[in-house]
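Please look over the chain below before reading on. The briefing after it is meant for someone new to this structure.

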Amino acid sequence: MTERASGNDVSVEVVLIGVGGATCSGKTTLAKHLNRILPDSVIIHQDDFAPPMEEVPIHPVHGVQDWDAPAGAISWRRLVDTLRVIKKTGKIPPDHRSHDHLNEQKQIPVDPGVETRLIAELQQAHQSAQGRTGKKTIFGILDGFLLYWHPGVIAELDVPIMLRVPEDVLKRRRTERHGYHTAGMAIIVLCGKTPPLTQTSILHIPLGLLLASVQSDMSEGALWRDPPGYWEDIVWPAYVEAHAELFEGGDVESGRQTGEKVPNLILLETLKMSMSEAVEKSCDVIREFLNSR
């Protein structure tokens, strides 16, 4: 595969890095740090491949829209096709659109000295790899809460990384957030005592309630806020369902990896390390992968 650069045909090799983990595990923060450190890198957010709000399925038991069940939470064919384009060209398709800039994110810095050193080390490894292979290496960084469920996505990843955080910490962090921007066509603002989003309330909202709680903005996504009980009924059970195969006994919080579905998965227990240490560990694994080419 080739791209045009400086008037010459330059072979391109794309290294696709997965940064997975539960909601509020710190995966997007880690991915953005890697994006700043790695030369010639692009970042892709799995959340940008959520279906439009009107296509999100209703949970058969709890009667609310289910944004977390793996089968319906992501437009899988579109995501896999996009990853294949990036693998082939080293570029994000021009029609791709991200709403990540709308989401609230707590800043967790990396030690400046560590970051400076990692930039230098990865730049050197990058240049060495190009010298050995004659190919320009481009890094694609994919972050998401369902990276290790769909076989088609797993197959495209060269360096799979996963952050693991206990449920109680994840729940607290999610509760502290103000919502998530999705791929819908309106910003849904659930005010104070708005009732839980059931199939009736979300698809057939009375005009008066719409005027009070819906602000249309055709250029952006929709702001989703969890109805009461959503974590216990929807979010956590879906996370366990999606990741049980990765761990012995389906114990996603403390179980050992089975090593079967994602054989080379790098597991980061991020409550036991700083963000600087998580970034450094990730960069070490990426550098090892480059040196093996």
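Predicted model: local features only at pLDDT ≥ 70, side-chain atom pairs only at ≥ 80, totals over all residues.

Residues are numbered from 1 along each chain as its sequence is written, and side-chain values use heavy atoms, with hydrogens and water left out.

**The chain as a whole**

- The chain holds ten helices and ten strands. Helices (H or I, at least four residues) and strands (E, at least two) are DSSP runs, numbered from the N terminus.
- Of its 293 residues, 48% count as buried. Buried means under 20% relative accessible area, exposed over 50%, and partly exposed in between, with a 1.4 Å probe and protein chains only.
- Take the contacts in the chain with a separation of 6 or more: residues 24 or more positions apart account for 80% of them. Contact means heavy atoms within 4.5 Å.

**Strands**

- How many residues of strand E5 (residues 159–164) are buried? Six of the six are, so E5 is largely enclosed by the rest of the structure.
- In a regular strand, side chains alternate between the two faces of the sheet.
- Both faces of E5 are covered. Val159, Ile161 and Leu163 are buried on one side, and Pro160, Met162 and Arg164 on the other.
- E5 pairs with strand E10 (residues 266–269) in the parallel sense, over four bridges. Two strands pair if DSSP finds at least two bridges between them.
- Arg164 stands opposite Glu269 in E10.
- Strand E4 (residues 136–144) is mostly covered, with eight of its nine residues buried.
- E4 also pairs with E3, in the parallel sense and over five bridges. Here Ile44 stands opposite Leu142 in E4.

**Helices**

- Helix H1 (residues 27–37) is mostly covered: eight of its eleven residues are buried. These are Lys27, Thr28, Thr29, Leu30, Ala31, His33, Leu34 and Ile37.
- Helix H6 (residues 167–176) packs with helix H9 (residues 230–243) at an angle of about 115°. Their axes are 12 Å apart. Axes are lines fitted to C-alpha atoms, for helices over the stretch in contact, and angles run from 0 to 180 degrees between N-to-C directions.
- From H6, the residues making the contact are Glu167, Leu170, Lys171 and Arg174. From H9 they are Tyr230, Trp231, Glu232, Val235 and Trp236.
- By class, this contact of H6 with H9 has five nonpolar, no polar and four charged residues. Ala, Val, Leu, Ile, Met, Phe, Trp, Tyr, Cys and Pro count as nonpolar, Asp, Glu, Lys and Arg as charged, and the others, Gly among them, as polar.

**Arg173 and Cys24**

- Arg173 is in helix H6. With a relative accessible area of 27%, Arg173 is partly exposed.
- What does Arg173 touch, leaving aside its neighbours within four places in sequence? Arg173 is in contact with Cys24, Ser25, Gly26, Val165 and Leu271.
- The side chain of Arg173 reaches the backbone oxygen of Cys24 at 2.8 Å. A polar contact is a pair of N or O atoms within 3.5 Å; within protein, one must be able to donate a hydrogen and the other to accept it, and residues adjacent in sequence count only if both atoms are side-chain atoms.
- The C-alpha atoms of Arg173 and Thr23 are separated by 8.8 Å, although the two residues are 150 residues apart along the chain.
- Cys24 lies in the loop between strand E2 (8–21) and H1. Its relative accessible area is 8%, so Cys24 is buried.
- Phi of Cys24 is near 70°, a positive value in a residue other than glycine.

- Ile286 sits in helix H10 (residues 275–291). Ile286 counts as buried because its relative accessibility is 0%.
- Leaving aside its neighbours within four places in sequence, Ile286 is in contact with Ile17, Leu34, Leu38, Leu122, Phe139 and Val159.
- Ile286 and Val15 are 271 residues apart along the chain, and their C-alpha atoms are separated by 8.9 Å.
- Gln65 is found in the loop between strand E3 (41–45) and helix H2 (70–73). At 1% relative accessibility, Gln65 counts as buried.
- A polar atom of the Gln65 side chain lies 3.4 Å from the backbone oxygen of Val56.
- Asp40 is in the loop between H1 and E3. Asp40 counts as partly exposed, at 38% relative accessibility.
- Phi of Asp40 is near 50°, a positive value in a residue other than glycine.
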